[in-house]
Amino acid sequence: MVTKFMTESAPNTKMSARDVKVFYGEKQAINGVSIDIDMDNVVAFIGPSGCGKSTFLRTLNRMNDTIASARVEGDITLDGENIYSSKMDVVQLRARVGMVFQKPNPFPKSIYDNVAYGPRIHGLAPNKAELDQIVENSLVRAGLWNEVKDRLTESGTALSGGQQQRLCIARAIAVDPEVILMDEPCSALDPIATAKIEELIHELRGRYAIVIVTHNMQQAARVSQKTAFFHLGNMVEYGDTSDIFTNPREERTRDYITGRYG
Ligand SMILES: Nc1ncnc2c1ncn2[C@@H]1O[C@H](COP(=O)(O)OP(=O)(O)OP(=O)(O)O)[C@@H](O)[C@H]1O
Ligand SMILES: [Mg+2]
């Protein structure tokens, strides 16, 4: 595979993985993946269930650290800095590389406090007025402000599923991340809420590097400019989304996108 020998990164690369392997105990889940993620393109990870999309995604902000049996080998950098170095502050890393999960997971706190949580713990707002501004800006950017501006003290968990997911995106945005990782962010949402998140991804593109895992190939085609196809722990193919969907190089990719398995 060409990607195995990739060493040089393009100048606008935000994150770079080289020969990343992940093990759960004895079992290897990722077999040496190399990929560059830049600021200009939304990257979609696709592939059949169990191929390692979530596992690899979690290596990008060290969420695998929370799984006792998980072990990561290889190099992953953020702006050229090794994120697995002992000097890396993991709390800081997860603010810089935010994550949005499959199931919306707002804290059982007010809408305001959900968004203010990160800025508070990271000391990003010196006073209440500035915190208010961060909360508002984040909710505006997440496309939720108009729906919640009159009910900021209500619980985040009282929102609809789609609103909760946008709240989680606002929470990620509030700490001014550089990268946003999304693991099937729409799989629990109806088509209208899904369309809103997809629209939001378009709007966020360029400001943040974005990686989205999705089972929905139409969604990958709609929201991403680059697509990586994973199969059995390997990244089989990575390229422009238009090429992956119309003219894949690998037979396994073709089989997957034409619905032969998965
Ligand atoms: N916490 C864990 N402990 C042990 N094995 C795990 C763990 N999480 C994932 N695995 C295994 O690692 C492999 C990759 O799983 P992963 O969840 O990354 O796949 P996925 O592509 O995200 O699948 P899906 O599309 O179903 O979400 C699978 O074989 C899975 O069983
Ligand atoms: Mg997964």
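## About the model

This is a predicted model, in which local features need pLDDT of at least 70 and side-chain atom pairs count only at pLDDT 80 or more, while totals for chains, interfaces and linings use all residues. Residues are numbered from 1 along each chain as its sequence is written, chains are lettered from A and ligands numbered from 1 in the order in which they are written, and side-chain values use heavy atoms, with hydrogens and water left out.

An open sheet is built from 6 strands in the order 6-7-8-3-9-10, with mixed pairing. Strand 6 (97-100) and strand 10 (234-240) sit at the edges with a single partner strand each, so one side of each has no neighbour in the sheet. From one strand to the next, the twist averages 15°. Here helices (H or I, at least four residues) and strands (E, at least two) are DSSP runs numbered from the N terminus, and two strands pair if DSSP finds at least two bridges between them.

Strand 9 (residues 226-231) pairs with strand 10 in the antiparallel sense over 6 bridges. Helix 6 (residues 161-173) lies across strand 6 and strand 7 (179-183), running at about 170° to strand 6. For such angles, axes are lines fitted to C-alpha atoms, for helices over the stretch in contact, and the angles run from 0 to 180 degrees between N-to-C directions.

Buried means under 20% relative accessible area, exposed over 50%, and partly exposed in between (1.4 Å probe, protein chains only). Ala209, Val211 and Val213 are buried on one side, and Ile210 and Ile212 on the other.

Strand 7 runs parallel to strand 8 and is joined to it by 5 bridges, with Val179 as the bridge partner of Ala209. Strand 3 (residues 42-46) also pairs with strand 8 in the parallel sense, over 4 bridges, and here Phe45 stands opposite Val213.

## Helix 3

The buried residues of helix 3 are Ile111, Tyr112, Asn114, Val115, Ala116, Gly118 and Pro119. They pack against helix 4 (128-141), helix 5 (145-148) and helix 6, where contact means heavy atoms within 4.5 Å. Just after helix 3, Gly123 takes a positive phi of about 60°.

Is Glu198 buried or exposed? Glu198 has 8% relative accessibility, so it counts as buried. This residue lies in helix 7 (residues 191-204). Leaving aside neighbours within four places in sequence, Glu198 is in contact with Gln219, Arg222 and Val223.

Ala68, in the loop between helix 1 (53-59) and strand 4 (70-78), is exposed, with a relative accessible area of 84%. The C-alpha atoms of Ala68 and Tyr24 are separated by 8.5 Å, although the two are 44 residues apart along the chain.
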